[in-house]
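Hi,

Here's the structure I said I'd pass on.

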Amino acid sequence: MIITIPQQDEWYKSLTQPDNPNSLCCGEADAYWADEVHIKNGKTYVTITDDRDDKLLRRPHIDNGTVIEVPNNKLKFDRGNPTGHAILFVSKQPYFYVYCYVQGELS
(Lines give C-alpha, C1' and ligand atoms only; values in the text may rest on other atoms or scores of the structure.)
Protein backbone atom coordinates (compact mmCIF):
# COMPACT_ATOMS: atom_id res chain seq x y z
CA MET A 1 0.00 0.00 0.00
CA ILE A 2 1.31 3.44 -0.94
CA ILE A 3 0.78 6.03 1.78
CA THR A 4 0.10 9.48 0.42
CA ILE A 5 0.99 12.68 2.23
CA PRO A 6 -1.06 15.76 1.27
CA GLN A 7 2.02 18.02 1.05
CA GLN A 8 3.70 15.56 -1.34
CA ASP A 9 0.53 15.11 -3.40
CA GLU A 10 0.28 18.88 -3.93
CA TRP A 11 3.98 19.05 -4.78
CA TYR A 12 3.64 16.36 -7.45
CA LYS A 13 0.56 18.06 -8.93
CA SER A 14 2.21 21.50 -9.15
CA LEU A 15 5.75 20.68 -10.29
CA THR A 16 6.56 22.09 -13.74
CA GLN A 17 9.37 21.33 -16.17
CA PRO A 18 12.30 23.77 -15.82
CA ASP A 19 12.59 24.37 -19.57
CA ASN A 20 8.82 24.45 -20.15
CA PRO A 21 7.08 26.03 -17.15
CA ASN A 22 3.65 25.57 -18.75
CA SER A 23 4.06 21.76 -18.67
CA LEU A 24 3.99 19.56 -15.60
CA CYS A 25 6.86 17.21 -14.76
CA CYS A 26 4.16 14.54 -14.76
CA GLY A 27 3.23 12.61 -11.64
CA GLU A 28 4.09 9.71 -9.41
CA ALA A 29 3.61 7.25 -12.28
CA ASP A 30 6.65 8.87 -13.94
CA ALA A 31 8.63 9.46 -10.74
CA TYR A 32 11.59 7.34 -9.69
CA TRP A 33 13.89 7.82 -6.74
CA ALA A 34 17.36 8.63 -8.07
CA ASP A 35 19.44 9.42 -5.01
CA GLU A 36 22.83 8.89 -6.66
CA VAL A 37 24.08 11.78 -8.80
CA HIS A 38 27.28 11.81 -10.84
CA ILE A 39 28.78 14.61 -12.93
CA LYS A 40 31.11 13.58 -15.76
CA ASN A 41 32.45 15.89 -18.45
CA GLY A 42 29.86 18.53 -17.52
CA LYS A 43 26.94 16.10 -17.88
CA THR A 44 24.66 14.96 -15.06
CA TYR A 45 23.88 11.28 -14.58
CA VAL A 46 21.54 9.81 -11.99
CA THR A 47 21.14 6.23 -10.82
CA ILE A 48 17.72 4.75 -10.15
CA THR A 49 17.51 3.76 -6.46
CA ASP A 50 13.74 3.18 -6.18
CA ASP A 51 12.51 0.01 -4.48
CA ARG A 52 8.80 0.93 -4.41
CA ASP A 53 6.22 -1.35 -6.05
CA ASP A 54 5.80 -0.38 -9.71
CA LYS A 55 2.35 -1.96 -9.96
CA LEU A 56 1.01 0.13 -7.08
CA LEU A 57 2.42 3.29 -8.67
CA ARG A 58 1.17 2.22 -12.12
CA ARG A 59 4.50 2.84 -13.77
CA PRO A 60 6.87 0.89 -16.01
CA HIS A 61 9.68 -0.91 -14.22
CA ILE A 62 13.19 0.53 -14.39
CA ASP A 63 15.86 -1.59 -12.71
CA ASN A 64 17.67 -0.19 -9.71
CA GLY A 65 21.18 0.71 -10.79
CA THR A 66 20.06 2.01 -14.20
CA VAL A 67 22.02 5.17 -15.02
CA ILE A 68 20.23 7.89 -16.98
CA GLU A 69 21.68 11.13 -18.34
CA VAL A 70 19.75 14.24 -17.30
CA PRO A 71 20.04 17.11 -19.80
CA ASN A 72 21.06 20.37 -18.11
CA ASN A 73 17.78 22.01 -19.14
CA LYS A 74 15.88 19.34 -17.13
CA LEU A 75 17.60 20.06 -13.79
CA LYS A 76 15.07 21.72 -11.48
CA PHE A 77 16.32 23.90 -8.62
CA ASP A 78 13.50 26.37 -8.00
CA ARG A 79 11.31 24.25 -5.71
CA GLY A 80 11.81 22.31 -2.51
CA ASN A 81 11.35 18.57 -2.35
CA PRO A 82 9.23 17.08 0.46
CA THR A 83 9.78 13.42 -0.53
CA GLY A 84 13.09 12.77 1.19
CA HIS A 85 14.53 11.50 -2.12
CA ALA A 86 15.89 12.98 -5.31
CA ILE A 87 13.26 12.35 -7.98
CA LEU A 88 13.71 11.66 -11.69
CA PHE A 89 10.57 12.13 -13.78
CA VAL A 90 11.10 10.00 -16.87
CA SER A 91 9.24 8.15 -19.61
CA LYS A 92 10.57 4.75 -20.59
CA GLN A 93 8.89 4.19 -23.96
CA PRO A 94 10.36 3.93 -26.54
CA TYR A 95 13.52 5.40 -24.95
CA PHE A 96 14.25 7.31 -21.76
CA TYR A 97 12.85 10.83 -21.98
CA VAL A 98 13.56 13.00 -18.94
CA TYR A 99 10.84 15.46 -17.92
CA CYS A 100 12.80 16.82 -14.97
CA TYR A 101 15.12 15.94 -12.11
CA VAL A 102 14.63 17.40 -8.64
CA GLN A 103 17.48 17.13 -6.16
CA GLY A 104 16.65 15.77 -2.71
CA GLU A 105 16.73 18.06 0.31
CA LEU A 106 20.24 18.64 1.60
CA SER A 107 20.76 17.93 5.28
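Strand 4 (residues 36–40) and strand 5 (residues 43–47) run antiparallel, joined by five bridges. For the terms: strands (E, at least two residues) and helices (H or I, at least four) are DSSP runs numbered from the N terminus, and two strands pair if DSSP finds at least two bridges between them. Opposite Ile39 you'll find Thr44 of strand 5. Two residues sit between the strands of this hairpin, and Asn41 has a positive phi there, near 55°.

Before going further, keep in mind that this is a predicted model: local features need pLDDT of at least 70, side-chain atom pairs count only at pLDDT 80 or more, and totals for chains, interfaces and linings use all residues. Numbering starts from 1 along each chain as its sequence is written, and side-chain values use heavy atoms, with hydrogens and water left out.

Contact here means heavy atoms within 4.5 Å; axes are lines fitted to C-alpha atoms (for helices, over the stretch in contact), and angles run from 0 to 180 degrees between N-to-C directions. Strand 8 (residues 87–91) and strand 9 (residues 97–102) are antiparallel over five bridges, and Ser91 has Tyr97 of strand 9 as its bridge partner.

Then the cysteines. The whole structure has one disulfide (a pair of cysteine sulfur atoms within 2.5 Å), and it joins Cys25 to Cys100 with S to S at 2.1 Å. The pair links distant parts of the chain, 75 residues apart: Cys25 is in the loop between strand 2 (20–24) and strand 3, while Cys100 is in strand 9. The link is right-handed, with 135° about the S-S bond. Both Cys25 and Cys100 are buried, where buried means under 20% relative accessible area, exposed over 50%, and partly exposed in between (1.4 Å probe, protein chains only).

Cys26 counts as partly exposed because its relative accessibility is 26%. Cys26 also has a positive phi of about 95°, although it is not a glycine.

Lys76, in strand 7, is worth a click. It counts as buried because its relative accessibility is 3%. Its side chain reaches the backbone oxygen of Thr16 at 3.0 Å, and beyond its neighbours within four places in sequence, Lys76 has contacts that include Leu15, Cys25 and Tyr101.

Last, the cores, meaning sets of buried Ala, Val, Leu, Ile, Met, Phe, Trp, Tyr and Cys residues joined through side-chain atoms within 4.5 Å. The largest nonpolar core has 13 residues, and Val46, Leu88 and Tyr101 are among those with the most contacts inside it. Strand 6 (67–70), strand 8 and strand 9 each give two or more residues to this core. A second, separate core has 11 residues, including Trp11, Trp33 and Cys100.

Cheers

Terms used: A polar contact is a pair of N or O atoms within 3.5 Å; within protein, one must be able to donate a hydrogen and the other to accept it, and residues adjacent in sequence count only if both atoms are side-chain atoms.
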